[in-house]
Amino acid sequence: MKYLEHINQLIKIKVSEADNLVIFGQNVSAGSCLSGLTRNLKVKENSMIINTPNCENTLCGIGFGLMLNKVSSIFFMKQQDFLLLGIDHLVNTYNFIRRENPSASFTIMFIVVDQGYQGLQSSLNNLGDFCSIARIPGFAITNKVDADEIIGAHLISPGFRMIGISQRLFNEELSDLPLIHCNEDKTLFQYFEGKDATIVCFNLSFSYGLELHQQLKDKNLNASLFSVNAVTPIKWEEIIRDVKQTKKIVVIDDSKSMNLSCDNFLAHTLDECELKSKIIIKRELLEDWLWPNSDKLNLDYAEIINKLKQTTHQNEP
Amino acid sequence: MDSHINTPAFSLFNVEYNLLIAEELLRLRLSQMIINEKIKNKEFKIPIHLALGHEAIAFSVEASMEPADQLVLPHRNLHYNLAREKSLKPIVEEFLLKETGLAKSQLGSMNLANKEKGIVYTSSILGNNLSVATGLALGKKVRKENGIVLVVLGDGAMEEGSLYENLVFLRSNQLPSLVIIENNQWSLATKIEERRCGIDLKKFADSLGIKFEKLVGNDPYQYFSRLKELKEYSMSNNLPVCIEVELATLGYWHVNTEGYAPPGRFINYHAGAAPTVNLLEWPLIEESTDDPLFVLKKYFDENQLRKISAKVLLSLQEELL
């Protein structure tokens, strides 16, 4: 099954089981239903689905108002960029509501436009920026495993959070992945364990890390693979314990922000671990970064593998 | 005149109730004057926006509310909080950031809410509270709950796009609600004509199919009576109502300090102390209908009002001991 179809299936199941739920947003049950994200949603009689006017700021506030009256809701949004209009509520209204640990759920789920063909006003690709402004729980869905875990635990549960999905991955076929570890908050996932390197992926970069893991395996190198699905604050112990074993890290962060989640991790890791190799892959934003383009992160897999092999061989007796 | 008020509302109530209404207006005024003295004495660290002159609408909103109703307020909210809480001490203690304060010192002044008394949300951000009120109204619809949401904003907030967005949403989803705009003409230090073109709220509301009403004159008896009717209209038709209240925020002064500004320059009261307002047994500030206490003189002998006022002041002072 494809990435977007799988997420849609998970949402359908969750919302069909909920009582007094309001699903709202522009075109959530019309047209393509946000490219298929909200297609064929069915809710109980005591719930409702509203195709709303175009008023993102108001829609954010409505979710919090519903929360105050103990009604859970999900605001589906076509693009993360549109959420900029609602920042007042994400910060100021949420700060009022969060004091009393509300029993209702409010989730804003949006598509992160992490391919650049939609141009310069659709180039905001960092979920973490939104989360950090008011320490809002946020989750990036990057594969089948984290989709199951995050939607299962967080789509409808007390409190407020944001869930971002990748437009770049919409039509990717999902493969089964092993899950070695997932923390209680569903913010940190470990998929593989290996002694030759630790790969840590941030924002929506998991697919790059998975590809690197596969190519390393083809060269008889076993790497641990982690994905960080939420921004800080997060406890890094699980990853740091692994890095202390491998002494080699590859950090991948596909965000265009100046405020990268991986920087917090690196600060802790460099402080606590003696490293033989560190490869940090961030975006190099050239003069054309706002022009329409694929927005893919350019990874030279062969060069990364070579670097890791060199340090691996240095370790051998 | 857009006002539809022509009911001789005073005669609708009995004598005792009319007196209670007068007493309540005096309590709202004197409570604010006591707080004003404390601001002058620099007893508070937080910013406080007095609402001297707003007592008639605050009383009327409070009196028209049923237990299932919910009130959503802006940063200038003291008059509504005093009206709903019926007590001065917890509010003063909140402003002093004491644990015994109304919100246990968590909210201060500009976000002061009181869930137990139906004030469920208060925002210091202009226009922010409208969409939360809309969400509350939608929540009532989903849960099939009784009651109505009343949201208050000022003429500054009505310039925000939020008013447009929310009236459209409220009307589109048939959500009963009262959107009450306190129009004191000022936003910080600029009058409406200094900052923008005119906004014809009636035409605006009409264009959306929303009932509009303008309340003028600070008559608590008429306001109360009319608000009750508008609430009934809103609930029975599942429609929002937009209400503009013409009022003045009293406590302005004229500069007389050389070097600060041209002497004689008018300064509109916005926040903090109202330096020219002093706590007196008879707390009338203005001899015009801009002052709701002046309006009371239409119905009562001034000596009678002065006696009530002295009694109320004594009671408030004892409360704070």
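How many residues does the contact take from chain A, and how many from chain B? In this predicted model, chain A gives 22 residues and chain B gives 25 residues.

On the side of chain A that touches chain B, three elements each supply at least two residues: strand β2 (48-51), helix α2 (56-68) and helix α3 (87-97). Of the elements of chain A, α2(A) gives the most to this side, with 9 residues. By residue class, the side of chain A that touches chain B divides into 11 nonpolar, 9 polar and 2 charged residues.

Strand β2 of chain A also belongs to the sheet. This is an open sheet of 6 strands in chain A, in the order β2-β1-β3-β4-β6-β5, and the pairing is parallel. In general, the strands of a sheet pair through backbone hydrogen bonds, in either a parallel or an antiparallel way. The edges are formed by β2 and β5 (138-141) of chain A, each of which pairs on one side only. Thus β2 of chain A is an edge strand and also supplies at least two residues to the side that touches chain B. From one strand to the next, the twist averages 15°.

Within the sheet, strand β1 (residues 21-25) of chain A and strand β3 (residues 72-77) of chain A run parallel and are joined by 4 bridges. A:Phe24 stands opposite A:Phe75, a residue of β3(A).

Key
Residues numbered from 1 in each chain as written. Chains lettered and ligands numbered in written order. Predicted model: local features only at pLDDT ≥ 70, side-chain atom pairs only at ≥ 80, totals over all residues. Contact = placed C-beta atoms within 7 Å. Nonpolar A, V, L, I, M, F, W, Y, C, P; charged D, E, K, R; others polar. Pairing = 2+ DSSP bridges. Axes fitted to C-alpha atoms, helices over the stretch in contact; angles between N-to-C directions.
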